[in-house]
Amino acid sequence: GSLGMVYKGIMTKLGNDTNVPCAIKTVTENATERERDSFLIEATIMKEFHTHHVVRLYGVVSVGQPTLVIMELMANGDLKSYLRRHRPDYENGEESSPQPPTLKQIYQMAIEIADGMAYLSAKKFVHRDLAARNCMVAEDLTVKIGDFGMTRDIYETDYYRKGTKGFLPVRWMAPESLKDGMFSSSSDVFSYGVVLWEMATLASQPYQGLTNDQVLRYVIDGGVMER
């Protein structure tokens, strides 16, 4: 992404010399002060979470440059990319495409995302940006809530700039969030519904054929996605 790189690394746990695979996120040297602060704030938020279906933060290295965020490694990447790689028409240079997830696997993933979000809600944390791109897939296909905005730059086209409010993920937002800027666990539930739609369609774009401006008006006026 434009904010930095993500590396696969090995973390040695002190005390028992155990080697643990991890993901190492960095901020580029030319990132603004605001971007650096945002990067560290996201990590500070994640530090509070200890549950199976939220990606675990191992630590932050803030001495020297670049700043490093050490996280649990999710070998299959984000859910949006995973679903698209498993479309029947996906071209990967191999003779046969990967099989799409089974209905049972989709159900299991949906349950795991719901479990992670229920934990966040119980902790009085409103995610505000739940989407397939922000859910991460482990090697064993366990799905966990991802890194709370740090992946935003990877999918810039999923966001819409509205005045001075910065980029908003309008295609995943509830009507009250779009209209009045109100976010709650209820608006996270609305976003979860869009994630279920993404899973059912192997990560098609919500409200396909509409511009971001049109989506904003359509949802505020009570419009819903095609079934």
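User: How many helices and strands does the protein have?

Analyst: Helices (H or I, at least four residues) and strands (E, at least two) are DSSP runs, numbered from the N terminus. The secondary structure here consists of six helices and eight strands. Along the sequence, they follow the pattern β-β-α-β-β-α-α-β-β-β-β-α-α-α. This is a predicted model, in which local features need pLDDT of at least 70 and side-chain atom pairs count only at pLDDT 80 or more, while totals for chains, interfaces and linings use all residues. Residues are numbered from 1 along each chain as its sequence is written, and side-chain values use heavy atoms, with hydrogens and water left out.

User: In what order do the strands of the open sheet lie?

Analyst: Two strands pair if DSSP finds at least two bridges between them. The open sheet has four strands in the order S1-S2-S4-S3, and their pairing is antiparallel. Strand S1 (6-13) and strand S3 (57-61) are the edge strands, each pairing on one side only. From one strand to the next, the twist averages 30°; angles run from 0 to 180 degrees between N-to-C directions, with axes fitted as lines to C-alpha atoms, for helices over the stretch in contact.

User: How many bridges join S1 to strand S2, and which residues are bridge partners?

Analyst: Eight bridges connect S1 with strand S2 (residues 18-26), and the two strands run antiparallel. Ile-10 has Pro-21 as its bridge partner in S2, and Lys-13 has Thr-18. S2 also pairs with S4 in the antiparallel sense, over five bridges. Ile-24 stands opposite Ile-70 in S4. As a general idea, the side chains in a regular strand alternate between the two faces of the sheet.

User: What do S3 and S4 form?

Analyst: S3 and S4 form a hairpin, with six residues between them. Gly-64, in the turn, has a positive phi of about 80°. Four bridges join S3 to S4, which run antiparallel, and Leu-57 has Met-71 as its bridge partner in S4.

User: Which strands does helix H1 lie across?

Analyst: Helix H1 (residues 33-46) lies across S2, S3 and strand S4 (68-72). H1 runs at about 145° to S3.

User: How should I read contacts, and with which residues is Trp-197 in contact?

Analyst: Contact means heavy atoms within 4.5 Å. Among contacts in the protein between residues at least 6 apart in sequence, 59% join residues at least 24 apart. Trp-197 is placed in helix H5. Leaving aside its neighbours within four places in sequence, Trp-197 is in contact with Ser-204, Gln-205, Pro-206, Met-225 and Glu-226. Trp-197 and Met-225 are 28 residues apart along the chain, and their C-alpha atoms are separated by 8.7 Å.

User: Is Leu-202 buried or exposed, and where is its place?

Analyst: Buried means under 20% relative accessible area, exposed over 50%, and partly exposed in between (1.4 Å probe, protein chains only). Buried residues make up 44% of the 227 residues in the protein. Leu-202 lies in the loop between H5 and helix H6 (212-220), and it counts as buried because its relative accessible area is 14%. The phi of Leu-202 is near 55°, a positive value in a residue other than glycine. Tyr-207 is also in the loop between H5 and H6, and its phi is likewise near 55°, again positive in a residue other than glycine. Tyr-207 is buried, with a relative accessible area of 6%.

User: Is Arg-227 buried or exposed?

Analyst: Arg-227, found in the segment after H6, is exposed because its relative accessible area is 100%. The C-alpha atoms of Arg-227 and Ala-200 are separated by 9.9 Å, although these residues are 27 residues apart along the chain.

User: Which residues line the largest cavity?

Analyst: Rolling a probe the size of a water molecule over the atoms shows where empty space is left. On a 1 Å grid over the protein atoms alone, a cavity is a set of points where a 1.4 Å probe fits but cannot get out, and lining residues have an atom within 4 Å of a point. The lining of the largest cavity consists of Arg-128, Met-173, Ala-174, Ser-177, Phe-183, Ser-187, Asp-188 and Ser-191. Helix H5 (residues 185-200) supplies the largest share of this lining, three residues.

Technical notes: 1 Å grid on protein atoms, 1.4 Å probe; cavity = no way out; pocket = protein on both sides within 12 Å on 5 of 7 lines; lining within 4 Å.
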